[in-house]
Amino acid sequence: MIKSMTGFGRSEYTDGKRNIIVEIKSVNHRYSDISVKMPRRYGFAEDKIKAAIKEKLRRGKIDASIIVENITENDVNIKLNEMLAQQYYDNLTALKEKFNVEGDITLSYLASLPDVMKAIPDVEDEEEITKAILIPVAEAAANLEQMRAVEGQKLAEDLIAKGENIKSILDKIAQRAPQVSIAYTEKLRERITELIGNSVQVPEDRILVEAAIFADKCAIDEEITRLNSHLIQMKEIITASTQPDGKKLDFLVQEMNREANTIGSKANDITITGHMLDIKSEIEKIREQVQNIE
């Protein structure tokens with residue numbers, strides 16, 4: 001069954017050291033475009049995160065937001081820069097001697113100077129944190145996929161209904177098409193009579209030849225057959241047990257629109273033209289919905 005490209009998935013996971021929150025949202029896109037927003041210190045996991053998302057979501061503009069909250073106190077280390085502290089002390093001592101300034105250079109003052117004492121994030125096990133992040137990523141992606149499947153089911157039902165509607169209109173056109181050449185033949189006889197009256201007998205075979213030429217130009221049997229075939233293919237793709245391809249449906253809708261345009265231009269009949277306007281309206285609605293199919 002088809003899937004929509006629009007959806008949202010969320011998951012939260014705790015491994016005892018950190019709390020990880022993952023939110024993934026997606027909208028329609030021609031290709032697969034995945035972006036990940038997370039703390040820079042975990043950038044090493046980005047490629048594996050994208051790969052995990054792509055396993056579930058083949059196509060769409062996908063934005064993943066990952067928040068990592070450390071719940072232990074040992075995630076940072078305080079580092080002392082002794083060399084920098086020594087330079088501060090030496091320079092301050094030199095200033096005291098040069099300008100004869102009173103005052104002591106205290107420990108608390110030295111420790112408060114820039115970069116003497118610095119909090120540095122603890123070096124984490126990259127493999128461990130990557131595994132931890134991938135757990136909620138996979139669950140959030142699965143939740144999003146489920147939402148896309150539910151939305152896809154609704155799309156499938158609507159597309160099939162629109163296809164059936166087009167089929168019923170095509171049946172009316174197929175019934176009307178043979179009458180077009182008959183009506184033209186009668187109008188041709190009437191027009192000739194108006195022009196020359198009944199005094200001159202026009203050969204019937206000449207009228208039939210003209211009618212045959214007109215009928216050949218207005219023949220739409222092949223186009224009706226191809227459009228019906230496209231409708232059957234569309235339904236088969238939508239209801240296929242394997243993962244359907246939105247790109248194939250997009251191409252198929254283009255072909256349906258082409259056949260509809262040809263029928264409308266060749267038919268030369270106001271009734272058929274009216275039916276074709278209804279068909280083109282339905283095809284346009286299908287085209288818009290197909291843009292959101294994975």
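Okay, before anything else: what you're looking at is a predicted model.

Let's start inside. The largest nonpolar core has 31 residues. Leu170, Ile173, Met256, Ile263, Ile272, Ile279 and Ile286 are the ones with the most contacts inside this core. So where do its residues come from? At least two each are supplied by helix 4 (126-196), helix 6 (221-239), helix 7 (246-267) and helix 8 (270-290). Helix 4 gives the largest share, 9 residues.

Let's zoom in on Ile263. If you skip the neighbours within four places in sequence, Ile263 touches Leu170, Ile220, Glu223, Ile224, Leu227, Ile272 and Met276.

Now, aromatics. The structure holds 1 aromatic pair. Why do we call Tyr42 and Phe44 edge-to-face? Their ring centres are 6.4 Å apart and the planes sit at 75 degrees, and the cut-off for edge-to-face is over 60, so that's the label they get. As for cover, Tyr42 is buried, at 1% relative accessible area, while Phe44 is partly exposed, at 32%.

Last stop, the surface. Which residues make the nonpolar patch of about 310 Å²? They are Ile78, Leu80 and Met117. Ile78 belongs to strand 5, which covers residues 76-80. And is Ile78 buried or exposed? Its relative accessibility is 57%, so Ile78 counts as exposed.

Conventions: Residues numbered from 1 in each chain as written. Predicted model: local features only at pLDDT ≥ 70, side-chain atom pairs only at ≥ 80, totals over all residues. Heavy atoms only, no water. Phe/Tyr/Trp six-rings, centres within 6.5 Å; stacked < 30°, edge-to-face > 60°. Buried < 20%, exposed > 50% of the residue type's maximum accessible area, 1.4 Å probe, protein only. Patch = residues over 30% accessible without salt bridge, like charges linked within 9 Å, V, L, I, M, F, W, Y side chains within 5 Å. Areas by Shrake-Rupley, 256 points an atom, 1.4 Å probe, with all protein chains shown as cover. Salt bridge = Lys/Arg side-chain N within 4 Å of Asp/Glu carboxyl O. Helix = DSSP H or I, 4+ residues; strand = E, 2+ residues; numbered from the N terminus. Core = buried A, V, L, I, M, F, W, Y, C linked by side-chain atoms within 4.5 Å. Contact = heavy atoms within 4.5 Å.
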